[in-house]
Amino acid sequence: MTTRIQDAGSARDERRVVGNVLRGSIGNLVEWYDWYAYSAFTVYFAKAFFPGGDATAQFLNTAAVFAVGFLMRPLGGWLLGRFADRYGRRSALVLSVSMMAAGSLLIAVTPGYSTIGIAAPILLVFSRLLQGLSVGGEYSTSATYLSEVATPGKRGFYSSFQYVTLVGGQLLALGLQLILQSVLTDKQMGDWGWRIAFVVGALAAVIVMALRRSMDESESYQRVTEGAETGKGERGTLRQLVKYPREILLVVGLTLGGTVAFYTYATYTQKFLENTAHIPRRTVTVIMFVALLIFAILQPLAGRLSDKIGRRKLLMFFGIAGTLLTVPIMTLMAHTSQPFLAFLLLLGALVIVTGYTSINAIVKAELFPTRIRAIGVGLPYALTVAIFGGTAELIAQALKKAGHESLFFWYVAGCVLVSLVVYATMRETSRSSALERGED
C-alpha cells in the first residue's frame, strides 16, 4: 500500500513538472517566434525600411538592426535576471513576454520609409531594442525556471525544451512564411504581407501572458524566499555575482562558439543559400523548415543522453566536430545548387550544434546558486551572444560585400575552437552542481 501511495505521489509530481515545463515552454515558443520573425521576413521588408541600393546592401542594413537588438540582451539579462532573482521566475517571465508583444506590434504598424522617412528605420531599431531587452531576460529566466522545476536526474531532458521551443518559434515563423508565400505574390509579401507575421506574434504574446500567470513558482526559489525577506537585497545583485568569477568566465567560454555556430546555421543560412548558392527563395524556406524541425526533435534526445553520460561529452562532440567540419560544410554549401545536398549539409551542421544547444541552459544553471542563478545564467551569456552571436550575420554580410565571404567560415570554426578549449578543461557539471546540492 505504501509503495502504491508513493508511486501515485511520484506520478502526480511528474505530471506537475510536465505541466509547468509545457506552460513555460509555450511562452518561450512565442517569444522566440517574435524574435525570429524578423530574420525570416527580412527578405521582404528590407526595402520598406531601407529603400535603394542592391539586395545585399539592404540585407546588410537589416542585419545591422538585427545585431543592434542583440546589444540590448545583456541589459535584459541583467535587469530581468535581477528581477527574477528578487521577485520570482514567474513574474519575470510574464514581464518579458509583455515587452515582446509591444515590440512586435510596433513593427507591425510602423509605416515604411516612403511614408514617414527616416522615422521608419528609427522605429524599427526601437522595436528591436525592446525585443532584445525581452529576449535577454527571457533566456536567463526560462533557462533557470526549466532547470529548477525539472525532476532530478532528468534536468538535461527537461531543460532541453528551451531549445525545442526556441527552434519551434523559428519553425512557426518559417511555417507562416511558407503559407503566406503560397497565397500571396512576392509583391504582396513585400508591400504588406510581412506585417501579418508580427501581428500574429503580438496577439500570441498577449495570450501567453495569461498562461504564464498560472505557472507554479520553482521550489528552489521558494526555499530562498521562505519566511521573512532575509537576504532579499543580496539576491540577483552584481556584488554577489562577481564572487563567482570562474563561473562567469565559464559561461562566456561555453557560449562563444555555440552561439556563433547556432546563429550561422539557424538564421544566416537562409540568406546564404539564396544569395551565395542561388537556390530559389521558396526552396530555401522548405530546406530551413525541415532541417530545423529535425533539429528540434533532436534536442530532448540529446538532453536525455546528457543525463546518462554527462554534459561534457556532448560539448566535446560539438567542439571537435565544429572545429574540423565547419569550413568544409560551409564551402560545399556555397558551391552547391542542389537543394537536397544543401539540406543534408545544413542538417549535418545542426546535428553538430545539438551537442551545444541541447544542454547549454542546464550547464549554466548548474554553475550558480539559486539566489543569483537567473542573473548568473543571463548576464554573461547575453553579453557573449550580443558580441558574437548577434554580429555573426553582420560579419558574414560585410565579408560577402567585400568579396571575402570564405573568411567567415574560418571565423566560425575559430570561435568553436575557443570553446573547445573550455570544454576540454571544465569539470562535469551534472555530477556535482549547485542545483543538485540545492545550494541557495
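This is a predicted model: local features need pLDDT of at least 70, side-chain atom pairs count only at pLDDT 80 or more; totals for chains, interfaces and linings use all residues.
1. The pairing of H13 with H15. Helix H13, which covers residues 245–275, packs against helix H15, residues 311–334, at an angle of about 25 degrees, and the two axes lie 11 Å apart. Since angles under 35 degrees count as roughly parallel, H13 and H15 are therefore roughly parallel to each other, and their crossing is left-handed. On the H13 side the residues that meet H15 are Leu254, Gly257, Gly258, Ala261, Thr264, Tyr265, Thr269, Phe272 and Leu273, while H15 brings Leu315, Phe318, Thr326, Ile329, Met330, Met333 and Ala334 to the contact. Sorted by class, this contact of H13 with H15 holds 11 nonpolar and five polar residues, with no charged residues.

2. The pairing of H7 with H18. Helix H7 (residues 119–149) and helix H18 (residues 373–389) have axes 8 Å apart and pack at an angle of about 135 degrees; H7 and H18 are therefore oblique to each other. The crossing in which H7 passes H18 is right-handed. From H7 the contact draws on Tyr139, Ser140, Ala143, Thr144 and Glu148, and from H18 on Arg373, Ala374, Val377, Gly378 and Tyr381. By class, the residues of the contact of H7 with H18 are five nonpolar, three polar and two charged.

3. Threonine 269. This residue belongs to helix H13 and, with a relative accessibility of 1%, threonine 269 counts as buried. If residues up to four places away in sequence are not counted, threonine 269 touches Thr264, Met288, Met333 and Leu346; Met333 is also among the H15 residues that meet H13.

4. Tyrosine 356. Located in helix H16, residues 339–357, tyrosine 356 has a relative accessible area of 1% and is buried. With neighbours within four places in sequence left aside, tyrosine 356 is in contact with Tyr163, Leu254, Thr255, Gly258, Thr259, Leu315, Phe318, Lys364, Tyr381 and Tyr423. Tyrosine 356 and threonine 255 are separated by 101 residues in sequence, yet their C-alpha atoms are 8.5 Å apart in space.

5. Helix H2 is mostly covered, with seven of its eight residues buried, namely Thr42, Val43, Tyr44, Phe45, Ala46, Ala48 and Phe49. Phenylalanine 50 sits in the loop between helix H2 (42–49) and helix H3 (55–71), and phenylalanine 50 is buried as well, with a relative accessible area of 15%, because the cut-off for buried is under 20%. Phenylalanine 50 and proline 121 lie 7.2 Å apart in space, C-alpha to C-alpha, although 71 residues separate them in sequence.

6. Nonpolar cores. The largest nonpolar core has 104 residues, and those with the most contacts inside it are Phe41, Val167, Trp194, Phe262 and Leu292; H13 gives the most to this core, with 13 residues. Phenylalanine 41, neighbours within four places in sequence being left aside, is in contact with Ala173, Leu176, Gln177, Leu180, Met189, Trp194 and Ala197. There is also a second, separate core of nine residues, which includes Val17, Tyr145, Val149 and Tyr158.

Notes. Residues are numbered from 1 along each chain as its sequence is written. Side-chain values use heavy atoms; hydrogens and water are left out. Axes are lines fitted to C-alpha atoms, for helices over the stretch in contact, and angles run from 0 to 180 degrees between N-to-C directions. Helices (H or I, at least four residues) and strands (E, at least two) are DSSP runs, numbered from the N terminus. Angles under 35 degrees count as roughly parallel, over 145 as roughly antiparallel, 65 to 115 as roughly perpendicular and the rest as oblique. A crossing is left-handed if the near helix is turned anticlockwise from the far one by less than a right angle, and right-handed if clockwise. Contact means heavy atoms within 4.5 Å. Ala, Val, Leu, Ile, Met, Phe, Trp, Tyr, Cys and Pro count as nonpolar, Asp, Glu, Lys and Arg as charged, and the others, Gly among them, as polar. Buried means under 20% relative accessible area, exposed over 50%, partly exposed in between (1.4 Å probe, protein chains only). A nonpolar core is a set of buried Ala, Val, Leu, Ile, Met, Phe, Trp, Tyr and Cys residues joined through side-chain atoms within 4.5 Å.
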